Amino acid sequence: MQVVKFGGSSVGSTEAIRKVKAILLKKSSKSPLLVIFSAFGGDTNRLIQAAEYAAVANEKYKDILQELTQRQLDYAQELIPPKNQSAAMAQLRVLLNELEDILRGVYLIKELSKRTLDRISCTGEQLSSLILFEFLKTDIPKAQYVDPKQLIVTDDFYGKANVNFELSNERIRQYFQKHQADLFVVPGFLAANQSGETTTLGRGGSDYSAAIFAAALRAAELEIWTDVSGMMTADPNQVKQAFPIHEIDFDEAMELTHFGAKVLYPPAIHPVYKQGIPVRIKNTFAPDDEGTKIHRYTRSEEHPIRGLSAIQDISLLNISGSGMVGIPYFSHRLFEALAQAKINVVLISQASSEHSICVAISKDDTAEATNALEKTFARELKEAKLNPIEADREVSIVALVGSKMKDRSGVSGKMFSVLAHNGISIKAIAQGSSERNISVVVNKREVKKALNSLHESFFLSERIRLNLFVVGVGNVGKVLLEQIASQHEYLLKKHRLDIRLIAVANTKKMAFDEEGIKPSKPLEALHEQGQEVDLSAFIHQMSELNLRNSIFIDNTADAKVAALYDKVLKKSISVVTPNKIACTESYDRYKELKQLSKRHQAHFLFETNVGAGLPVINTLSDLIKSGDEIYGIEAVLSGSLNFIFNNYNGEGDSFAEVVKEAGVQGFTEPDPRIDLSGVDVKRKLLILLRESGFNYELEDISTLPFIPESCMQADDTPAFIKALSSHEKHFKALVEKAKANDKKLKYVATYRKGEAATGLQEVASDSPLYNLEGKDNIVLFYTRRYPEQPLVIKGAGAGAAVTASGIFGDIMRIASAFGSNF
């Protein structure tokens, strides 16, 4: 006997039902078939909703009943041959009239008992099975309709009845010994107590029905057909990268089903598990897919994890207080109170101090459970030996499942580390001694991020996805995105790094796309799907998406954007920026951002603040972390100023013309006064001092200006360039004086013996700064380890391409921290 079950999605439309028929016709040629059907997709929910409306005298129940009735009649007319429709319609009318009478009674007395709800909710399976039986027997004439109420015997626990297996097995075996057919059609979900009253086996109980029949008949295999190609490594609705598990043992399958894997009803495994009968999960809409085989076997592969699962709609009850410590039978009283209230406990966590116990239960049971515990511990609560019982209704459980976890150390550590890196706070932890399951309770809005982060880490550990949120697509931002686009395939293929641009914004518009915006076409995205830019809304939407491995990239020099970094870091979203403003505000603000980065496991990287693409800050950080100490700094930190003084010799182009050319080549800010004032260099030196561990403010650094004040007071850039032209003699005199002394002019930042300064200096030929060419930067670190011969970092320090590459480098550092193989 082949035992096969089809779920609601498999019979959710007439088109799907025809696919079911094709599958069964193919199978019927091999051996007799026993087929269990669920209600047509969504009908059970509709029936329960109608019952709930009727119970409060809401006439909306009639609309639902009418809709459901019409669906059954439409399906019957479309599927059943005309010559058989009359008899079938009569049977359907009997069931539908009975349903209408029961709902009418509930409406009149305004009462809905669990017993009555069972009668109503299982009607869907009776209706679907009757229609499907008539449809199938046209091609399989030797067919029988089987009433499960005559065969499956339960107790009186309506809603989720307990099966009397001894009596049920006997009845099933006797029935099939007496009856012969090629096809037996059985409604799932329903049964009866010993008095013959209708009971149900719990939501999803059609799986259970199938398992009961398979076990009783000692079938070779139980097939459960649904709308996915087997049990998945995670819920594909939450984790798009989830893939089918081809083979899994019973213990792992039970863990996954109990913890929310929806393709199989949790109790369904138990009857077949006892008999050692394999279960095959198949896809009605892709019948040739292999599916998942659940059976007894020993896995040989190394991978310790089989799947991830989650339970939604959970409440976490916390019972705490000094009155618990060392008190015998306290836990017994707690769980006895919940058991008597028929509250199912999903998870338990207790501190070794015995000061607190927390239990996870269904959210629907929160009030009843709280009342039961308050009644049981009324004296302790009154005497303040217990704190008021706390109920957190906004939580879910995420579970990591695998029988091989016990053979591998570090699995739980990796799990907690991955969650921490993504800013996911764990409220409770549970792991049994079997080590097949590690469960954590998290905020329900973090479930999707938690599942994706863990799935990526454990199942796609060779592939890391970074989600970028970019503000600023001007000169540097545009080049950065071009670099990312050109490297995307290489990074994906060679390093398994998938970089996706999720959002982009400029001064006018912003655009979001969770599937990814083409980094080579940010302006098109802004034009086609952009909305008016609002920085607060940008941060809010980025936070609401709650994507793993998120990075906020600020390519602007805007103080308003820098002011938002604390909000971003608090969401455990990393920040990468060439914007110097945040790190050069007050020292307290700088320290706040650094501390927020640590506290929320988010990176705050700003390598390009000082030397564009040069590894200045990273090198300095390594020196400090390794125990070195900074004694002195000497640096040329402005690529634009170095370009200007390398190209101005007092003989060819005027100083104003060289400054103008520097702007054309992108070495200066749109307003060159920012560069020529020296404030940019001053900010860079301040960042180096702070990263060296010194508490400095911007005003603590002295500056010797070389631009006449009248030039700096110009109304705009053209006026400034014109003013520079009128002071050509001043600049020419500076150059000629340096030449006379056999020196060159460099704008230098220095730190020695607690004194920090920036200004134009004449540099001798024996200085490392003397031969600095073009737009290059140079930094000399004098340290305890490098007291005489400094550590030198030298290279291009200006330009969109090198700055963008520095930002890209920070992104790669974050990717490495998230686990990519760089």
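Let's start with strand S22, residues 550-554. All 5 of its 5 residues are buried, so the rest of the structure largely encloses this strand. Keep in mind that this is a predicted model.

Now look at the two faces of S22. In a regular strand, side chains alternate between the two faces of the sheet. Here, Ser550, Phe552 and Asp554 sit on one side, and they are buried. Ile551 and Ile553 sit on the other, and they are buried too. Both faces of S22 are covered.

Which strands pair with S22? One is S18, residues 464-471. S18 and S22 run parallel, joined by 5 bridges. Find Phe469, and you will see that it stands opposite Phe552 in S22. Another partner is S23, residues 574-576. S22 and S23 also run parallel, with 3 bridges between them. Here, Ile553 has Val576 in S23 as its bridge partner.

Next, the second largest pocket. Rolling a probe the size of a water molecule over the atoms shows where empty space is left. This pocket holds about 1,000 Å³ of space. How many residues line the second largest pocket? The lining has 44. Nearest the centre lie Val476, Asn555, Thr556, Ala557 and Glu669. Several helices give two or more residues to this lining, among them H16 (475-495), H24 (639-647), H27 (679-691) and H31 (800-817). What about residue classes? The lining of this pocket has 18 nonpolar, 18 polar and 8 charged residues.

On to the cysteines. How many disulfides does a search of the whole structure find? The count is 0. Are Cys358 and Cys583 buried or exposed? The cut-off for buried is under 20% relative accessible area. Cys358 has 9% relative accessibility, so it counts as buried. Cys583 has 2%, so it counts as buried as well.

Last, two backbone angles. Arg218 is not a glycine, yet its phi is positive, near 50 degrees. Where is Arg218? Look in the loop between helix H8 (205-216) and strand S8 (222-226). Is Arg218 buried or exposed? Exposed means over 50%. Arg218 has 54% relative accessibility, so it counts as exposed.

Asp742 is not a glycine either, and its phi is positive, about 60 degrees. You will find Asp742 in the loop between helix H30 (728-740) and strand S27 (744-752). Its relative accessible area is 61%, so Asp742 is exposed.

Definitions and conventions
Residues are numbered from 1 along each chain as its sequence is written. This is a predicted model: local features need pLDDT of at least 70, side-chain atom pairs count only at pLDDT 80 or more; totals for chains, interfaces and linings use all residues. Side-chain values use heavy atoms; hydrogens and water are left out. A disulfide is a pair of cysteine sulfur atoms within 2.5 Å. Buried means under 20% relative accessible area, exposed over 50%, partly exposed in between (1.4 Å probe, protein chains only). Helices (H or I, at least four residues) and strands (E, at least two) are DSSP runs, numbered from the N terminus. Two strands pair if DSSP finds at least two bridges between them. On a 1 Å grid over the protein atoms alone, a cavity is a set of points where a 1.4 Å probe fits but cannot get out, and a pocket is an open set with protein on both sides within 12 Å along at least five of seven lines; lining residues have an atom within 4 Å of a point. Grid points are joined across faces, edges and corners, and a volume is the space filled by probe spheres set on the points. Ala, Val, Leu, Ile, Met, Phe, Trp, Tyr, Cys and Pro count as nonpolar, Asp, Glu, Lys and Arg as charged, and the others, Gly among them, as polar.
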